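Visitor: Hi! I'm new to this one and would like a quick tour. Could you show it to me?

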Amino acid sequence: MQATPLSPLIGAAIRGVDLGNLDDATYDRIYQAFLDHQLLVFKDQALSPARQLAFSRRLGPLDIHVLSQYNHPEYPEIFVLSNEVKNGVPAGIADGGSYWHSDFAFREKPAKATILNAQVIPPEGGNTLFVNMYRAYDDLDDETRSRLEGQRAVHRYRPRRDKTDDGTRVVMDRAQLAQTPDVVHPIVRTHPETGRRALFVHPGMTAEIVGWPEEESRRMLDYLFAHCTQESYQYALQWSPGDVVMWDNRCVMHKATTRDLPAHLKRTILRTTVLGDRPV
């Protein structure tokens with residue numbers, strides 16, 4: 001197994017492993033690389049849906065997405081990200097996650113890890129952007145860090161009323177809305193395995209700071225969003241056929257760019273999501 005850094009900010013490309021056939025020693029090395037680099041890109045894979053599930057379950061129990069209309073017909077734990085249309089029916093959600101977020105931040109127990117398995121990759125475009133939220137927290141000034149200590153924020157999985165591109169555009173039915181009430185998480189969370197602190201606010205889901213006046217809350221969140229999403233903090237992953245990508249949602253924020261992908265360029269990716277713990 002060879003691990004090559006993707007950038008000074010985040011990530012490593014992993015070669016020389018077959019995710020469909022891992023011994024325990026190799027899995028342990030992968031998991032340590034996951035903690036060390038936060039984002040892993042496994043090159044030259046040929047991972048079937050069943051083997052993707054098997055690998056994903058080694059990291060923990062899997063969640064089933066509330067938008068069940070986009071779940072795989074045979075494997076409900078797999079969420080299909082796709083702009084393809086087959087027999088007049090969307091193959092998956094066309095612009096899933098095309099805003100800054102951490103997966104399942106709208107749940108009481110957000111995601112630990114996300115695994116994306118490339119199926120159809122366009123020759124250009126469709127990049128995924130990543131931000132190391134350890135780094136974003138570490139670079140805050142002392143006064144801001146002090147103000148954020150012990151503060152909590154509301155996370156909400158709804159289309160944004162301000163009509164920006166910072167949130168989901170999916171219209172949910174009553175049952176789906178009932179499964180996604182507002183939740184509250186700390187603005188700064190401590191990683192349960194590394195002990196490092198990371199910002200846990202996201203333009204696409206974090207709505208307000210608990211107990212703060214509306215204007216003051218909006219001012220601070222806007223500042224944090226602008227801070228986190230500076231280009232100097234972003235790593236843009238350009239996908240290749242055979243890529244399997246895994247990241248740590250406890251310290252990574254990401255954004256798809258499929259809203260900007262021309263309709264004639266097709267992209268299909270299979271996603272599994274590993275359940276995490278309640279942030280502290």
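Guide: Happy to. Let's start with strand E8: five of its five residues are buried, so E8 is largely enclosed by the rest of the structure. Buried means under 20% relative accessible area, exposed over 50% and partly exposed in between, with a 1.4 Å probe and protein chains only. Strands (E, at least two residues) and helices (H or I, at least four) are DSSP runs, numbered from the N terminus.

Visitor: What should I know about the model itself?

Guide: This is a predicted model, in which local features need pLDDT of at least 70 and side-chain atom pairs count only at pLDDT 80 or more, while totals for chains, interfaces and linings use all residues. Residues are numbered from 1 along each chain as its sequence is written, and side-chain values use heavy atoms, with hydrogens and water left out.

Visitor: Now rings. How many aromatic pairs are there?

Guide: The structure holds seven. Rings of Phe, Tyr and Trp (its six-membered ring) pair if their centres lie within 6.5 Å; planes under 30 degrees apart count as stacked, over 60 as edge-to-face and the rest as tilted. One of the pairs is Phe130 with Trp247: the centres are 5.1 Å apart and the planes at 65 degrees, so this pair is edge-to-face.

Visitor: Where do those two residues lie?

Guide: Phe130 is in E8 (residues 128–132) and Trp247 is in strand E15 (residues 244–248), so the pair ties together parts that are 117 residues apart in sequence. Phe130 and Trp247 are both buried. Elsewhere, ring pairs link Tyr27, Tyr31 and Phe34 into a cluster.

Visitor: Which charged end sits over the ring of Tyr134?

Guide: That of Arg196, 3.9 Å from the ring centre. Arg145 lies over the face of Tyr137, 5.2 Å from the centre of that ring. A charge sits over a ring if NZ of Lys or CZ of Arg is within 6 Å of the ring centre and within 35 degrees of the ring normal.

Visitor: Changing topic: is Asn83 buried or exposed?

Guide: Asn83 counts as buried, because its relative accessibility is 18%. Asn83 is found in the loop between strand E4 (79–82) and strand E5 (85–86).

Visitor: Which backbone atoms does its side chain reach?

Guide: The Asn83 side chain reaches the backbone oxygen of Leu265 at 2.8 Å and the backbone nitrogen of Arg267 at 2.8 Å.

Visitor: One last stop: which residues of helix H2 are buried?

Guide: In H2 (residues 49–59) they are Gln52, Leu53, Phe55, Ser56 and Leu59. These buried residues pack against helix H1 (24–37), strand E7 (111–120), E15 and strand E17 (268–275), where contact means heavy atoms within 4.5 Å. Just after H2, Gly60 takes a positive phi of about 150 degrees.

Definitions and conventions: Polar contact = N/O pair within 3.5 Å; in protein donor to acceptor, adjacent residues only side chain to side chain.
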